[in-house]
Amino acid sequence: MVLAGLALHNSAQAQGAVYKCVDDQGRVEFTDSARKGCKALDLPGYAPPAPPRASAPIPAVRPMSPQQAASAAATPASFPRVDGAQQRARDDDRREILNDELRIEQKKLLELRRDFNNGEPERQGNERNYAKYQERVASMRDEIGRTERNIEALQREISNIR
């Protein structure tokens with residue numbers, strides 16, 4: 001039984017790309033051949049087969065000088081640019097959004113700490129079992145930690161804006 005599953009798994013990976021085709025009536029078909037109206041699917045865990053290797057030798061790679069590396073990493077001249085005023089406006093909008101999120105997270109942290117009551121929150125009526133109470137206290141502690149990390153991340157993002 002296990003061998004049959006492995007055989008099916010290996011044969012599925014040996015196939016080419018998978019395409020999803022939708023015809024005029026809206027019927028969906030999955031196939032391994034590309035046709036008009038078909039779209040290649042990106043399937044998690046699916047590794048398409050490697051392309052056939054060329055018989056020509058692979059040329060040796062020479063190391064680049066720092067100047068060559070800088071010019072290779074430079075933005076091409078045809079790349080769209082944003083003027084300084086527009087970029088400042090975008091940065092200001094981003095800063096405002098992040099500051100709003102920061103205020104929300106800080107308010108949430110104050111409420112969580114108030115409810116947490118230094119590790120001794122008020123017991124609720126459905127917590128007759130002490131383990132249930134301890135579970136809620138632990139989840140509150142975790143939520144406080146997550147909120148503190150969110151605040152730190154937002155503050156880092158705000159400080160990185162030019």
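**View 1. The largest nonpolar core of this predicted model has 13 residues.** Leu-98, Leu-102, Phe-116 and Ile-144 touch the most other members of the core. Two or more residues come from each of helix 3 (84-116) and helix 4 (130-160). Helix 4 gives the largest share, seven residues. In soluble globular proteins, nonpolar side chains tend to be buried together.

**View 2. Leu-98 and its contacts.** Leaving aside residues up to four places away in sequence, Leu-98 touches Leu-154, Glu-157, Ile-158 and Ile-161. Leu-98 is also one of the core residues that touch the most other members.

**View 3. Tyr-130 and Tyr-133 in helix 4.** The structure holds one aromatic pair. Its rings, those of Tyr-130 and Tyr-133, have centres 5.7 Å apart and planes at 35 degrees, so the pair is tilted. The two tyrosines are three residues apart in helix 4, about one turn of the helix. Tyr-130 has 46% relative accessibility and counts as partly exposed, whereas Tyr-133, at 8%, counts as buried.

**View 4. Arg-123 over the ring of Tyr-133.** Arg-123 lies over the face of this ring, at 5.2 Å from the ring centre. Tyr-133 is also a member of the aromatic pair with Tyr-130.

**View 5. The disulfide of Cys-21 and Cys-38.** One disulfide is found in a search of the whole structure. The S to S distance between Cys-21 and Cys-38 is 1.9 Å. The pair links distant parts of the chain, 17 residues apart: Cys-21 lies in strand 1 (residues 19-22) and Cys-38 in strand 3 (residues 38-40). The link is right-handed, with 105 degrees about the S-S bond. Cys-21 counts as buried because its relative accessibility is 6%, under the 20% cut-off.

Note on methods:
Residues are numbered from 1 along each chain as its sequence is written. This is a predicted model: local features need pLDDT of at least 70, side-chain atom pairs count only at pLDDT 80 or more; totals for chains, interfaces and linings use all residues. Side-chain values use heavy atoms; hydrogens and water are left out. A disulfide is a pair of cysteine sulfur atoms within 2.5 Å. Helices (H or I, at least four residues) and strands (E, at least two) are DSSP runs, numbered from the N terminus. Buried means under 20% relative accessible area, exposed over 50%, partly exposed in between (1.4 Å probe, protein chains only). A nonpolar core is a set of buried Ala, Val, Leu, Ile, Met, Phe, Trp, Tyr and Cys residues joined through side-chain atoms within 4.5 Å. Contact means heavy atoms within 4.5 Å. Rings of Phe, Tyr and Trp (its six-membered ring) pair if their centres lie within 6.5 Å; planes under 30 degrees apart count as stacked, over 60 as edge-to-face and the rest as tilted. A charge sits over a ring if NZ of Lys or CZ of Arg is within 6 Å of the ring centre and within 35 degrees of the ring normal.
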